[in-house]
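The sequence and model come next.

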Amino acid sequence: MNILLTGGTGYIGSHTAVELAMRGYNVILLDNLENSSEKVVDQIAAISGVRCAFVKGDVRDRFLVKGILREHQIDAVIHFAGLKSVSDSVSDPLSYYSTNFVGTVELVAAMSEEKVFRLIFSSSATVYGTPSRLPVDEHHPTNPLNPYGRSKLHVEEFLHDVANASSGWSIVCLRYFNPAGAHESGLIGEKPTSRPNNLLPVISEVASGQRKKLDVYGDDYDTADGTGVRDFIHVMDLAGGHEAALRFANKNSGVTTFNLGTGLGYSVLEMVRSYERASGQSIPIEFAQRRSGDVASCYADTSKAGNLLNWKATRTLEDMCASSWRYTKAQ
Ligand code: NAD
Ligand code: WQD
């Protein structure tokens with residue numbers, strides 16, 4: 001099968017490219033390199049032994065995307081291309097709606113015109129907002145708390161409208177919880193081009209001496225140790241979830257939404273301790289004010305993905321920390 005990965009040189013896209021290439025899919029990468037580097041194409045080849053075709057370009061460029069769909073006879077698209085910083089989305093909503101929403105509209109238009117009707121979309125657990133019950137299942141009400149989350153929810157709604165209007169579509173929305181870690185080789189990982197603010201990239205900067213300490217946002221949450229609890233999922237487990245979603249999309253039509261997480265919640269302090277063990281480095285912390293918009297706990301009910309995708313995350317917190325450290329050291 002020929003699979004187009006938009007945002008394919010990014011963090012999750014590159015790990016999924018490795019997983020798919022190693023399973024015999026023909027992978028084509030499209031990325032404008034806004035938050036990644038073309039070197040990733042070499043790293044994917046070094047790990048998988050397969051050199052993926054790469055096109056530098058913007059997912060909003062309908063003419064370009066149509067050409068790729070035609071030239072490579074694409075069977076399905078996995079749509080990772082997007083902007084993902086919650087804080088940037090508050091200060092610059094225009095960019096977020098343009099890339100995330102308009103980008104998907106243009107992609108779907110190109111797919112429709114070229115008669116490619118299988119799409120896997122990178123959504124986010126952020127669409128749920130503050131959980132009213134735990135674990136969070138796919139029927140949990142959606143109430144995103146920021147423009148980034150709203151741009152993802154609007155895309156999901158748009159995709160439902162598209163599939164309702166035409167029966168040929170097969171669309172899977174994957175709501176990722178907290179992706180973490182790197183490929184076991186340490187050759188690819190999370191490499192943001194601007195200063196990171198997600199937990200694991202910040203911890204890895206502290207462990208490698210690029211930052212002095214980790215500010216832990218809040219020590220008085222209603223959790224076992226007072227710090228925030230999240231469902232961290234190894235990025236290679238997440239990559240496997242996309243392959244399972246592709247197989248599902250081959251057999252099912254309409255729109256289906258899945259949580260991709262482990263179903264387990266770990267606190268910020270548990271993550272810090274695990275990273276200290278994996279790296280052998282000490283991670284100085286300082287307790288700080290709660291970060292606005294953060295929730296105390298969020299973890300997934302993963303039974304739908306288990307039942308319908310026959311997929312389950314297997315890697316541990318240790319695996320996430322060890323692989324992240326291997327990647328960090330190699331930089
Ligand atoms: P990433 O920034 O590493 O990858 C996204 C890629 O898209 C980057 O390589 C970037 O250069 C590219 N891109 C951005 N705008 C583009 C455009 N207009 N045209 C073509 N390429 C463009 O991010 P990621 O962590 O790999 O996330 C992938 C997707 O998953 C995103 O849509 C993100 O919103 C979603 N997601 C990520 C997380 C997370 O915590 N990492 C959680 C939930 C959902
Ligand atoms: C995790 C925990 C922080 C940094 C975000 C997006 C979400 C999704 C994943 C894209 C929280 C604490 C963090 C730090 C800290 N992305 N923390 N000090 O907020 O759960 O989710 O990324 O879709 O949409 O909102 O992830 O990694 O930022 O935070 O104490 O320097 O770590 O307060 O409890 P979050 P995160």
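How far is an oxygen atom of ligand 2 from an N or O atom in the side chain of asparagine 178? The distance is 3.0 Å.

## Basis of the model

The model is predicted, with local features requiring pLDDT of at least 70 and side-chain atom pairs pLDDT 80 or more, while totals for chains, interfaces and linings use all residues. Residues are numbered from 1 along each chain as written, chains are lettered from A and ligands numbered from 1 in the order written, and side-chain values use heavy atoms, without hydrogens and water.

## Contacts of ligand 2

The side chain of serine 124 places an N or O atom 2.8 Å from one, and a backbone N or O atom of tyrosine 217 is 2.9 Å from one. The protein buries 88% of the 680 Å² that ligand 2 exposes when taken alone (Shrake-Rupley accessible area, 1.4 Å probe).

## The surrounding shell

The shell around ligand 2 holds 18 residues (a heavy atom within 4 Å). Tyr148, Leu199, Asp215, Arg230 and Asp294 come nearest. Eight shell residues are nonpolar, six polar and four charged (Tyr and Cys count as nonpolar, Gly as polar, and Asp, Glu, Lys and Arg as charged).

Helix α7 (199-207) and strand β8 (214-217) each give two or more residues to this shell (DSSP runs, helices H or I of at least four residues, strands E of at least two). The largest share, four residues, comes from β8.

## A three-stranded sheet

Strands β12, β9 and β14 form, in that order, an open sheet with mixed pairing (pairing needs at least two DSSP bridges). Its edge strands are β12 (266-267) and β14 (297-298). β9 (residues 229-230) runs parallel to β14 over two bridges; arginine 230 has cysteine 298 of β14 as its bridge partner.

Key: Polar contact = N/O pair within 3.5 Å; in protein donor to acceptor, adjacent residues only side chain to side chain.
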